[in-house]
Amino acid sequence: EARGAMSMRALQGLGGALLGSLSRTYATEAVVAVGSNQGDRVSNVWAGLASLTARQDTEILQYGCLYETKPAYLEDQGDFLNTAVLVRTELGPIPLLDALKRIELECGRDVGGGIRYGPRPLDLDVVFYGGLDFRDERLEVPHPRWRERSFVVAPVCDLLPVGAASGAGSCSGRLEEARDAWRDLGGEASVGGDEIRRVIPTGSGEVVSLSDRSHIMGILNATPDSFSDGGLFQTTRESLTQARRMAREGATIVDVGGQSTRPGADRVGCQEELDRVLPVVEAIKGAGDLSRVLVSVDTFYAQVAEEAVRAGADLVNDVSSGSLDADMHRTVARLGVPYVMMHMRGDPKTMQSAQNTSYADLVSDIASELDAKVDLALDEGMMPWCVITDPGVGFAKTHDQNCEILCRAGEIRRSFAKGFLRRAPMMVGPSRKGFLGRIVGKEDPKERDVATAAAAALASAQGCNLFRVHNVGVASDALRVADAVGAFQPGRIRLPHTTANN
């Protein structure tokens, strides 16, 4: 095809509209790749996408996951954060390029100079523009090097077709090409090593990977009435000792809670919960030997979430996904921390009612209800990469439904309507719960740790990444075995633990 021209078929498919200088009067899909390796990379990427969203002529339809990648071509520079978005735009290819360049300029990039392939606060590239092949002296789409760049192909493959445009204006065919290219590059087997990691922001400008292997969230209840460990850690000193024990045994995260959410539990007020959790959060974050441990606050109160994060908490774990406090989504979006969104109906007092445990289809209902909650959070400005899903074992679920979740968690993941959710970390929390006691005949919750480890291993085989447990040591051993065995399962989305010799 000659330079500056496009195929007659593509031209006819777009109704003969001029490309390169005229704005669209109808919608076309495009894929935009995003990268940053200077300054606050997370803020740069999000600011760039926020500027794109603010335009009246362009709408983001799908987000890819966030990846940390080694630099390509010029290696003497910092690691990049990369993602991609599927947009619907009324702009032609050149006006879209111009809009992206203006956003780069606003974010501090020197668009007129700089080192080729060198560091930049923000990089925005048009990868695909519908199904078109388009070239001129400023732009070529598809991007000429997209197939060789795993940092482009990986997030593009997270995007799902949405049918926002038809014919040559649709990116569906290109997204299928990207999936083929991703398989050629090694696919999911290549994610989790030094070259490319799927990551989430921690709120401090840093990122962490929770998809590379099984990670444990240790439960630390500063409560008098939790079902299995209430009253055990009533002082800050006791809580700190337990946090150190969990860290030694392999916990990535310590989850501090000040309210029991067992079935039928009475609700504790916001201030009482704050009085319980804040001293513990502050003590853990102030302990130098625990500096590598992330701290989560288990709450459905926005004020508790905000004050705990100010005290040093790294993420928020909300059993209600925002349904019990209208300010939660807005607050967590502003804080910019990871947010565990668990599936639950009702509240702990009512969740086990016949109405709340009645499902037309357990898998699709959980997925669609979580999808809807995520939509609400995104509408309040939450970064999509901050979302961690949890299907809610033990919350508005019967005995059989809990077992079904452990068997079909992978199907729940694949049923999400958003591509980034299908690859986002998924947490599961079966620890010491009643359905396990019923299976193994153990009335005392403290005697269910082996059963908990078995449940965690089964969930790991379904692609779950994060496991909320009381006994970290027992679960850690089980999950190390699960990761080592799971590494040989085709299509797994994380790499195994590394072990010495054997």
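Biologist: In which helix is the place of W46?

Modeller: W46 sits in helix α2, residues 41-54, where a helix is a DSSP run of H or I with at least four residues, and a strand a run of E with at least two, numbered from the N terminus. This is a predicted model, in which local features need pLDDT of at least 70 and side-chain atom pairs count only at pLDDT 80 or more, while totals for chains, interfaces and linings use all residues. Residues are numbered from 1 along each chain as its sequence is written, and side-chain values use heavy atoms, with hydrogens and water left out.

Biologist: Why is H343 called buried?

Modeller: H343 has a relative accessible area of 2%, and buried means under 20%, exposed over 50% and partly exposed in between, with a 1.4 Å probe and protein chains only, so H343 is buried.

Biologist: What makes the pairing of the H343 side chain with the side chain of E369 a polar contact?

Modeller: The two side chains are 2.6 Å apart, and a polar contact is a pair of N or O atoms within 3.5 Å, where within protein one must be able to donate a hydrogen and the other to accept it, and residues adjacent in sequence count only if both atoms are side-chain atoms; the value therefore falls within the cut-off. The side chain of H343 also makes a polar contact with that of K397, at 2.9 Å.

Biologist: Where is H343 found?

Modeller: H343 lies in the loop between β14 (339-342) and α10 (362-379).
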